[in-house]
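Hi,

Here's the structure I said I'd pass on.

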Amino acid sequence: MKMELIQPFINSADAILAQVMHCSTKIGDVSMEQEAYRRKGTASVVAIHGDIEGRVILDLDPKTAIHVASQLCGAPVEESEDIVRETVNELANMVIGNAVTLLNNEGHHFKVLPPEAHVEAQGFAGSDDTEALVMCFETPSGDIYLNIAMRYNRRRKEERAAVEIA
Amino acid sequence: MDQYVPLIRKKDKQPIRFLVVDDSIFARKNLTKMIDVFGGELAGEAGDGCTAITEYNRTLPDIVLMDITMPQMEGIEAVERIVRQHADARIIMVSSVGYQENILAALQKGAKHFVQKPVRPDVLYEIIRYVLGDDAEAAPAVTTLAGEARL
């Protein structure tokens with residue numbers, strides 16, 4: 001996977017987590033995986049369609065999610081399944097949305113779909129041309145995982161180029 | 001959260017009424033809280049573009065805070081449909097996806113402004129003031145018995 005596709009997600013996650021959680025983050029483990037994704041806590045998946053195709057998963061444990069929810073609300077929040085799921089979806093929406101903004105402004109044309117809860121314990125295997133990059137952001141409130149699997153959609157790019165030439 | 005001078009409608013001195021449109025309940029709650037801090041009033045909520053149109057017609061709010069990426073009908077299409085019926089609608093797009101093409105499309109369909117998530121209350125407040133323009137004014141300060149003026 002090309003670094004130019006990944007870097008905006010790292011920058012976005014770093015900036016959004018710092019702003020939302022009022023703390024600095026550190027990138028911990030980074031690995032490339034071709035095996036199916038194994039969920040660690042509550043996960044949200046965002047699908048990407050266009051010149052670039054793939055999906056990004058944001059994954060955090062419920063306690064970290066409640067801390068994020070409290071920070072977003074500016075007041076303590078009681079732990080419930082709904083709040084945890086909503087928090088993870090909203091955080092994914094912000095992190096991935098900001099990264100997508102950077103990539104689109106650099107000339108990559110694609111769309112994101114609304115975040116969806118990733119409830120299966122396993123799923124979303126990589127393939128030969130779509131390895132997944134798994135990154136762990138260490139925060140004082142707990143670890144937050146970002147799993148990115150994307151590839152250039154060659155056919156779509158060729159179609160766009162043909163239209164531009166015509 | 002900081003304190004903000006409450007804005008009221010110049011014509012009848014009533015609080016500014018907001019319609020909040022976002023598929024995330026969490027995001028709606030967060031925006032509603034900001035509206036409360038700004039001294040505004042929640043006129044209605046919607047979780048998708050279709051409901052936003054119905055709610056706009058029902059509540060006729062002063063300001064709409066509209067997400068872009070939503071199920072069923074996206075925010076930009078909802079803006080187009082609302083503005084077609086209500087040319088004076090004041091719609092502020094609130095989205096984490098803020099690339100130029102998206103912002104331009106929203107503005108071309110009739111949105112007045114754009115704010116990127118995560119929303120900073122001070123930024124949203126200034127944008128609301130700007131979009132309301134001369135139709136809003138600061139609420140008069142309330143004087144307490146001790147003679148202290150407070151917002």
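Below is what turned up, chain A to begin with and then chain B.

A bit of housekeeping: this is a predicted model, so local features need pLDDT of at least 70 and side-chain atom pairs count only at pLDDT 80 or more, while totals for chains, interfaces and linings use all residues. Residues are numbered from 1 along each chain as its sequence is written, chains are lettered from A and ligands numbered from 1 in the order in which they are written, and side-chain values use heavy atoms, with hydrogens and water left out.

In chain A, look at strand β4 (residues 52-60). Helices (H or I, at least four residues) and strands (E, at least two) are DSSP runs, numbered from the N terminus. Two strands pair if DSSP finds at least two bridges between them. β3(A) (residues 42-50) runs antiparallel to β4(A), with 7 bridges joining them, and a hairpin through 1 residue connects the two. Across that pairing, A:A47 sits opposite A:R55. β4(A) also pairs with β9(A) (residues 142-152), again antiparallel, over 9 bridges; there A:L58 has A:L146 as its bridge partner.

How many of the 9 residues of β4(A) are buried? It's 7, so the strand is largely enclosed by the rest of the structure. Buried means under 20% relative accessible area, exposed over 50%, partly exposed in between (1.4 Å probe, protein chains only).

Now for chain B. B:Q72, in the loop between β4 (63-66) and α3 (75-85), isn't a glycine but has a positive phi near 65 degrees. B:Q72 is exposed, at 72% relative accessible area. Finally, the peptide bond from B:K117 to B:P118 is cis, with omega near 0 degrees.

Cheers
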